[in-house]
Amino acid sequence: MALSIDRRHALQSLAALAAAAAVPARAQAYPNKPIELIVPFAAGGGTDVLARALAEQARAHLPQNLIVINRAGASGGIGWGELVNAKPDGYKLAIITVEITMIPHMGLVKLTADDVLPIARLNADPATIAVRADSPYRTLEDLLAAARKNPGAVRVGNAGPGSLGHLAAAALEDKAQAQFNHAPYRGANPAVLDLLGGHIEAVAVTPVEVATYVAAGKVRPLAVMADKRIGAGWEQVPTLKERQIDLSIGGWRGLAAPRGTPPEVVATLRTAMARTLQEPALRETMAKQNMGEGYLDAPDFKALIVRDNAFFKQLIGRLDIRA
């Protein structure tokens, strides 16, 4: 009988210990502290705008805040390098962009797209070529004619070597038989500011990065590199294909974690992103910035990255694009 009682007490004690251990385990469920969100470009650009809007609206779907940290440099490589080397616990994430499928093929970084774990694509945008509103280049044909007449005289700013704008302008050169002077910056916003200051003739960016200045009448987009025209005040901007140039190049922004992040953490983030991207305030911000929607969950996002990686590897090799 005593043995039975002792055993019962032991079992009760074990149960109590298990219950006690379960309480802090539940209390420590992910996330239990703020999450760093790396933006690998300068503040003020399209990626930064999206990241900050995302962080604000994600408060309703995550128990901890996303803290945006800018780590500009190497066309995104500095910030992504920090992500790749981070502890895979879900407390350091990053915004990845299409450039992660480009810059490795130019030798700018040692990391590759395979070194990060995609969570969700947040949006998708075409590339665009834009000039100042008072530019003598009223049409894309004007700009290309100048680049053919004086090779290298037309300076086209981009967000850095290997950026979407850089490759989009290089591909346009190839298709149109023109020659630009590519001007790299530490992000799209500095390039646009130099355009406004008259230091360069054009920029190759995405619509979100010039949307505010287009709305204010300070910048004029000449064309979008999409299959069809986009809206939100850009309805009159032609596509390259309408200008008889068979070229369509676009970018995207997404959320990624370090490889090896636990599946339960990834699941939490995937659910939070799916819900956050439905928030009316975030969608309104994206629409005002002419930022195209384009949510994809992790599996489809990963497949897209694989396709883009193959496309840009081929393009960079064929055109011998260098940083």
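This is a predicted model: local features need pLDDT of at least 70, side-chain atom pairs count only at pLDDT 80 or more; totals for chains, interfaces and linings use all residues.
Residues are numbered from 1 along each chain as its sequence is written. Local features need pLDDT of at least 70, side-chain atom pairs count only at pLDDT 80 or more, totals for chains, interfaces and linings use all residues, and side-chain values use heavy atoms, with hydrogens and water left out.

**Confidence.** pLDDT is the predictor's confidence in each residue, from 0 to 100. The protein chain averages 89, and 91% of the residues score at least 70. Residues 1–27 stay under 50. For that stretch the model has one contact (heavy atoms within 4.5 Å) beyond four places in sequence.

**The sheet.** Helices (H or I, at least four residues) and strands (E, at least two) are DSSP runs, numbered from the N terminus. Two strands pair if DSSP finds at least two bridges between them. Five strands form an open sheet in the order β7-β6-β8-β5-β9, with mixed pairing. β7 (181–184) and β9 (219–224) are the edge strands; each has a single partner strand, so one side of each lacks a neighbour in the sheet. From one strand to the next, the twist averages 30 degrees. Strands β5 (128–132) and β8 (202–205) pair in the antiparallel sense over three bridges. There, I129 stands opposite A204 in β8.

Angles run from 0 to 180 degrees between N-to-C directions, with axes as lines fitted to C-alpha atoms, for helices over the stretch in contact.

| Helix | Strands | Angle |
|---|---|---|
| α5 (164–176) | lies across β5, β6, β7 and β8 | about 175 degrees to β7 |
| α6 (188–196) | touches β5, β6, β8 and β9 | about 160 degrees with β8 |

**Cores.** A nonpolar core is a set of buried Ala, Val, Leu, Ile, Met, Phe, Trp, Tyr and Cys residues joined through side-chain atoms within 4.5 Å. Buried means under 20% relative accessible area, exposed over 50%, partly exposed in between (1.4 Å probe, protein chains only). The largest core has 55 residues; I96, L143, L172 and F180 touch the most other members. Its largest share, eight residues, comes from α5. L143 touches residues including I129, F180 and L222, not counting those up to four places away in sequence. Another core, of 31 residues, lies apart, with L50 and Y91 among them.

**Backbone exceptions.** Most residues other than glycine have a negative phi, and most peptide bonds are trans. A cis bond joins Y30 and P31, with omega about -10 degrees. A74 has a positive phi, near 55 degrees. Phi of S75 is also positive, near 55 degrees. A74 is partly exposed at 36% relative accessibility, while S75 is buried at 6%.
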